[in-house]
Amino acid sequence: MLSQILGLIWKIPKWIIELLSWGKSFKNNPIIGNYWLNFFGLHVVRVIVAHTLFRLRLFLLSPIVPSEYRREFIENGYVLKKDFLDNKQFSKLAKELEQFEGPVREIIEGTTVTQRIFMDHKEQERAPEFKALVKNQLLDRLMRYCSSKNRPPLFYIENLCNYENVNPRPDPQRDLHADTFHPCVKAWLYIDETNDKNGAYIYVPGSHRLSRKRLKWEYKESLEACKKGRKRSSERYWDGSFRVSKDDLSEMGYQVKKLSVPANTLVIGNVYGFHCRGEALQKSKRMTVWMQARDNPFNPFFTPFPRGTARVFEKVWRRVLERLDRGKINSGEQQNFYGRLSRPKPTQVAD
Ligand SMILES: [Fe+2]
């Protein structure tokens, strides 16, 4: 009994810190997942405050990015730029990534196997073309702006292997969803073209913006997410990445868009907007440089030291990944190995 009380006392500050930062789990945090607090609007207040601060930071960072990109990001929720690198540079990068050997994390999600290599600054030293991409001024500025935190993102090489795993579970990434309650970005530089065969990225333009209907939906979902056990209508509600139904989408007036893009296209998406991995029609693979930038949405400031802050985040994230690895490897969801990403054949890119 005493140990339970002490355990609870230790956990309360942790729950409060999560509440005041990026915590989103309705299951693991009893404050975030409290029905009555959400009945009186806790979740909706978090959404509104996070979005207000995001827009303020975007406004302050606007001088670092040309206006056409800002407009596209604010209106649609994503930036899409074809022919991002010149052909020669892209060709060299694609070849380097095909041949790169590093620590691979292979994660099973339904029938999909996702292979990722976390490209921290040490790994980048062994990949000169990748390092040049990280230093690309436009990419750097776009990511610092779109994240609203003035910080370069975490970098990975990602290789998506469709129908690689024979598993009756559906891939949760194929359902339209918002990653979390606050704006944050993920980005992809596509090494392969995307199409129906390998599953293009799906995004709902404009769904990153707050509207009365969206807030009403957020409120409804937050109460749903507080339900326990059998009352919960979907196993994914508890984690705070709300899934959205077709009926809800049309109720909110949104249209779904499939972003089938050629190789060498950069997409930066605000993943508060609804999105998902498109269905792949056949066994296939697609490789990207994958970038992620998530930060405390309630910190009104952005860093004045982009590089130094990125290094700190990289170090912390490496430790978090190692901790997450243990649980996922034990549950059979993940395996780690050192080597190349498995690819059917090198990507052909014209010089
Ligand atoms: Fe997502």
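1. Tyr35 is partly exposed in this predicted model, its relative accessible area being 36%. Trp36 has a relative accessible area of 54% and counts as exposed, because the cut-off for that class is over 50%. The rings of Tyr35 and Trp36 form an edge-to-face aromatic pair, with 5.3 Å between centres and 90 degrees between planes. The aromatic pairs number 17.

2. Tyr254 sits in the loop between helix H10 (246-252) and strand E7 (257-259), while Phe274 is in the loop between strand E8 (266-270) and E9. The two residues are 20 apart, and their pair links distant parts of the chain. Tyr254 and Phe274 are both buried. They also belong to a cluster that ring pairs build from Phe26, Trp217, Phe242, Tyr254 and Phe274.

3. The iron ion has His177 (NE2), Asp179 (OD) and His275 (NE2) as its protein donors, at 2.1 to 2.2 Å. Their spacing in sequence is H-x1-D-x95-H. His177 belongs to the loop between strand E4 (154-162) and strand E5 (185-190), and His275 to strand E9 (residues 275-277), so the pair ties together parts 98 residues apart in sequence. Both His177 and His275 are buried.

4. Two arginines lie over aromatic rings. Arg46 is over the face of Phe181, 4.1 Å from the ring centre. Arg116 is placed over the face of Trp290, with 4.0 Å to the ring centre.

Key:
Residues numbered from 1 in each chain as written. Predicted model: local features only at pLDDT ≥ 70, side-chain atom pairs only at ≥ 80, totals over all residues. Heavy atoms only, no water. Donors = N, O, S within 2.8 Å, 3.2 Å for Na, K, Ca; no water. Helix = DSSP H or I, 4+ residues; strand = E, 2+ residues; numbered from the N terminus. Buried < 20%, exposed > 50% of the residue type's maximum accessible area, 1.4 Å probe, protein only. Phe/Tyr/Trp six-rings, centres within 6.5 Å; stacked < 30°, edge-to-face > 60°. Lys NZ or Arg CZ within 6 Å of the ring centre and 35° of its normal.
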